[in-house]
Amino acid sequence: MINDYPNCTYHGCDIADATNKVLKVNQFTYSHGNVATGLPYEDSTFDFVHMRFLTLALRKEEWPPAIKELLRVVKPGGMIQLMEFELLSPDDSSSAFYKLAKSMHSVALSRGQNMEAFSQLEELLLETKMAKVVQQDYRRCNMSSNTVTAKKLAWDIVEGAKSVMPAIKPIVGLKSKEDILKFLAELRYCITHTDCYFNANSVSAQKL
């Protein structure tokens with residue numbers, strides 16, 4: 001986006017320090033913050049706000065206040081964009097990707113997270129009565145298609161599986177380090193050789 005709009009300034013905000021330490025961008029400022037409890041910005045600060053992939057971060061009851069917080073920091077007439085994902089695997093309960101998706105769903109439900117947020121973005125925005133939806137875009141990527149995007153997503157899924165391993169390994173039945181390495185290898189092969197889909201839903205809305 002900076003390449004397309006070099007005269008704009010950009011702010012990033014996350015609950016964790018996840019910035020790229022190598023990246024040097026003069027127009028970029030990073031802050032710590034939690035969208036569910038309050039962002040460190042004044043009212044009506046930004047022309048555009050983008051939030052993505054928090055299905056596994058926000059609890060169900062946190063979604064409405066989080067979206068209202070995004071709208072608070074957007075200028076009247078400004079835009080917000082929400083993007084979330086879902087994973088679809090073959091109907092083969094023995095596949096590693098199927099096991100990953102099911103175990104992540106189980107953990108999320110146990111934590112009160114909303115795994116249906118992917119399909120509820122428009123509804124959640126309209127419920128605020130503070131915005132009108134102007135665009136919705138749904139994309140699907142088969143990660144075995146060998147495209148650049150598919151390869152990047154496949155890598156992301158495997159790395160993501162590593163990060164959630166402490167939570168999912170009892171569900172999947174992994175006990176040893178060898179079990180985990182074998183599962184990750186099976187997961188990588190499954191994603192790149194069978195029809196495993198990464199679906200993304202993006203909804204844009206204008207603040208009233």
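The exercises below work through a predicted model of one protein, from its overall build down to single residues.

Local features need pLDDT of at least 70 and side-chain atom pairs count only at pLDDT 80 or more, while totals for chains, interfaces and linings use all residues. Residues are numbered from 1 along each chain as its sequence is written, and side-chain values use heavy atoms, with hydrogens and water left out.

**Exercise 1. Overall build**

Task: State how many helices and strands the protein has, and in what order the elements run.

Solution. Step 1: the elements are DSSP runs, with helices being H or I of at least four residues and strands being E of at least two, numbered from the N terminus. Step 2: the protein has six helices and six strands. Step 3: starting at the N terminus, the order is β-β-β-α-β-α-α-β-α-α-α-β.

Task: Compare the radius of gyration of the protein with that of a compact globule.

Solution. Step 1: the radius is taken over C-alpha atoms, and the globule rule is 2.2 Å times the number of residues to the power 0.38. Step 2: for 208 residues a compact globule would have a radius of gyration near 17 Å, and the 19 Å of the protein agrees with this. Step 3: the C-alpha trace spans about 50 × 35 × 30 Å along its principal axes.

Task: Give the share of buried residues and the share of contacts between residues 24 or more positions apart.

Solution. Step 1: buried means under 20% relative accessible area, exposed over 50%, and partly exposed in between (1.4 Å probe, protein chains only). Step 2: 36% of the 208 residues are buried. Step 3: contact means heavy atoms within 4.5 Å. Step 4: among contacts with a separation of 6 or more, 73% join residues 24 or more positions apart.

**Exercise 2. Two helix pairs**

Task: Describe how α4 packs on α5, and how α2 packs on α6.

Solution. Step 1: two packed helices are described by the angle between their axes and the distance between the axes. Axes are lines fitted to C-alpha atoms, for helices over the stretch in contact, and angles run from 0 to 180 degrees between N-to-C directions. Angles under 35 degrees count as roughly parallel, over 145 as roughly antiparallel, 65 to 115 as roughly perpendicular and the rest as oblique.

Step 2: α4 (residues 148–163) and α5 (residues 165–172) pack at about 85°, with axes 6 Å apart. These two helices are therefore roughly perpendicular. Ala161, Lys162 and Ser163 of α4 meet Met165, Pro166 and Ile168 of α5. The contact residues are four nonpolar, one polar and one charged; here Ala, Val, Leu, Ile, Met, Phe, Trp, Tyr, Cys and Pro count as nonpolar, Asp, Glu, Lys and Arg as charged, and the others, Gly among them, as polar.

Step 3: the axes of α2 and α6 come within 8 Å and cross at roughly 105°, so α2 is roughly perpendicular to α6. Ala96, Phe97, Lys99 and Leu100 of α2 meet Phe183, Glu186, Leu187, Cys190 and Ile191 of α6. This contact has seven nonpolar residues, no polar ones and two charged ones.

**Exercise 3. The nonpolar cores**

Task: Find which residues of the largest nonpolar core touch the most other members.

Solution. Step 1: a nonpolar core is a set of buried Ala, Val, Leu, Ile, Met, Phe, Trp, Tyr and Cys residues joined through side-chain atoms within 4.5 Å. Step 2: the largest core has 29 residues, and Phe97, Leu100 and Leu187 touch the most other members. Step 3: two or more residues each come from β4 (74–88), α2 (96–110), α4, α5, α6 (177–193) and β6 (197–207). Step 4: beyond four places in sequence, Leu100 touches Ile157, Ala161, Ile168, Phe183 and Leu187. Step 5: a second, separate core of 24 residues includes Ala36, Leu125, Ala131 and Ala205.

**Exercise 4. Single residues**

Task: Ser44 and Lys129 have positive phi. Are Ser44 and Lys129 buried, partly exposed or exposed?

Solution. Step 1: Ser44, not a glycine, has a phi of about 55° and sits in the loop between β2 (28–32) and β3 (46–52). Its relative accessible area is 33%, so Ser44 is partly exposed. Step 2: Lys129 has a phi near 60° and lies in the loop between α3 (117–127) and β5 (131–142). With 71% relative accessible area, Lys129 is exposed.

Task: Locate Cys196 and list its contacts beyond four places in sequence.

Solution. Step 1: Cys196 is in the loop between α6 and β6. Step 2: its relative accessibility is 0%, so Cys196 is buried. Step 3: Cys196 touches Leu88, Pro90, Phe97, Cys141, Asn142, Met143, Cys190 and Ile191.
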